[in-house]
Amino acid sequence: MAETTSEGALPALFSPYKMGGKFNLSHRVVLAPMTRCRALNNIPNPALLQYYTQRATKGGFLITEGTMISPTAAGFPHVPGIFNKEQVEEWRKIVDAVHAKGAVIFCQLWHVGRASHQELQPGGIAPVSSTEKPISKRWRVLLPDGSYGRYPTPRKLETYQIPQLVQHYRQAAINAIEAGFDGVEIHGAHGYLIDQFLKDGINERTDEYGGSLQKRCKFIMQVVQSVTAAVGPDRVGVRISPAIDHLDAMDSDPLNLGLTVIQKLNKLQTDSNSRLAYLHVTQPRYTAYGQTESGSHGSADEEERMMRTWRGAYEGTFICSGGFTRELGVEAVAEGNADLVAYGRLFISNPDLVLRLKVNAPLNKYVRATFYTHDPVVGYTDYPFLENGTEKNVPKSRL
């Protein structure tokens with residue numbers, strides 16, 4: 001049976017919510033964006049269609065895996081793009097199928113910057129970044145043959161080249177809307193390109209995009225302004241992770257970094273008299289390779305304080321993600337620390353996660369070894385569903 005509150009109602013995590021003043025959701029459980037490496041040759045395919053429709057619910061909200069805004073954007077093999085006509089047409093089939101189940105779906109716009117490798121770049125060139133500093137040997141990059149390599153020295157973008165990257169985000173957003181997506185999420189987190197401009201542990205520029213906190217925020221705001229102008233603010237979400245050091249993305253003052261980005265987003269909303277769809281912030285407890293442990297900026301209490309501060313400062317829908325369980329998700333919404341909660345790994349192994357969380361059913365265990373394989377079924381669309389509240393044909397290894 002579903003757990004209820006003392007008043008007999010389900011926890012607020014399962015209550016309706018109007019996101020960004022535009023999208024009517026029936027619950028607060030969100031499919032988090034997760035790289036899965038199943039889009040062979042960067043083209044969405046029927047395996048992706050099955051994967052997303054399996055996880056779609058009436059009134060649910062899905063965010064796609066990181067989707068390349070240009071041929072230079074890839075950080076993993078076989079990730080989908082949204083920069084050419086074929087990709088747009090294939091995404092349209094997936095979006096139509098998700099809409100047929102009554103769900104809302106956004107496309108996450110992604111450029112990894114220096115978190116790439118020559119083997120993933122057109123012509124074997126070095127990846128671009130805000131810096132010439134490579135990612136340290138602590139981290140490894142997945143290569144097309146399944147092996148792992150070291151991250152190379154990136155090419156530091158010249159000032160005059162940066163507007164072209166902004167244009168790539170803008171065109172990718174236009175393409176996503178053409179494919180039928182309800183909106184887009186700008187990925188400004190987790191050590192990827194935008195985060196490489198935001199964090200003072202990476203950005204050592206001396207031009208108008210580096211130095212002060214205000215200057216380091218210039219690139220993300222140019223991207224947000226360009227994308228919102230192209231598709232409308234209410235179709236745009238923004239993801240940041242100020243306190244996360246994934247891929248060496250460290251900042252000396254993550255609290256104020258987050259507050260500065262939020263203040264700028266709030267002003268953009270005020271100036272346009274229209275709300276963004278949401279702000280998506282990853283909990284500091286999220287770290288490399290999906291571990292859930294304390295981050296590098298202080299105690300768990302300090303990290304929770306940062307999240308509450310950012311949540312209180314942002315004027316709009318606030319999504320949290322990063323290691324959430326059912327209990328933590330229920331608590332986050334009940335205490336007002338989030339409007340929506342995005343689940344990643346648990347959604348990989350539980351295509352009917354919303355139902356399982358709602359009735360407090362056992363969860364399938366995920367198999368980490370199959371997260372980034374190219375198999376269109378194994379570890380992707382073969383996790384079992386509940387039937388009448390019980391597992392059906394659940395392999396013992398998954399329980």
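The model is predicted, so local features need pLDDT of at least 70 and side-chain atom pairs count only at pLDDT 80 or more, while totals for chains, interfaces and linings use all residues. Residues are numbered from 1 along each chain as its sequence is written, and side-chain values use heavy atoms, with hydrogens and water left out.

Start at strand β5, residues 104–110. Helices (H or I, at least four residues) and strands (E, at least two) are DSSP runs, numbered from the N terminus. In β5, 7 of the 7 residues are buried. Buried means under 20% relative accessible area, exposed over 50%, and partly exposed in between, with a 1.4 Å probe and protein chains only. In a regular strand the side chains alternate between the two faces of the sheet. In β5, V104, F106, Q108 and W110 point one way. I105, C107 and L109 point the other way. Both sets are buried.

Now look at the neighbours of β5. Two strands pair if DSSP finds at least two bridges between them. Strand β4, residues 61–68, pairs with β5 in the parallel sense over 6 bridges. Within this pairing, L62 has I105 of β5 as its bridge partner. Right-handed here means that, with the strands pointing away from the viewer, the path from the first strand over the helix to the second runs clockwise. Strand β10, residues 183–188, also pairs with β5, parallel, over 4 bridges. Here C107 has V184 of β10 as its bridge partner.

C107 leads on to the cysteines. A disulfide is a pair of cysteine sulfur atoms within 2.5 Å. The count comes to 0 disulfides. C37 counts as buried because its relative accessibility is 0%. For C217, the closest cysteine sulfur is in C320, and the 20 Å between the sulfurs is too far for a bond. C217 is buried too, at 1% relative accessibility.

C320 sits in strand β13, residues 318–321. From this strand F318 and C320 point one way, I319 and S321 the other, and all are buried. Strand β12, residues 278–282, runs parallel to β13, joined by 4 bridges. L279 stands opposite F318 in β13. Strand β14, residues 340–343, pairs with β13 in the parallel sense over 3 bridges. The bridge partner of C320 in β14 is V341. Between these strands comes helix α9, residues 326–334, and β13, α9 and β14 make a right-handed β-α-β unit.

Turn next to a helix pair. Helix α3 (residues 162–178) and helix α6 (residues 218–231) pack at about 35°, with axes 9 Å apart. Axes are lines fitted to C-alpha atoms, for helices over the stretch in contact, and angles run from 0 to 180 degrees between N-to-C directions. The residues in α3 that meet α6 include L165, Y169, R170 and I177. Among those in α6 that meet α3 are F219, Q222, V227 and V231. Contact means heavy atoms within 4.5 Å.

End at V359, in helix α11, residues 353–359. V359 is partly exposed, because its relative accessible area is 25%. V359 and Q263 are 96 residues apart in sequence and 39 Å apart in space, C-alpha to C-alpha.
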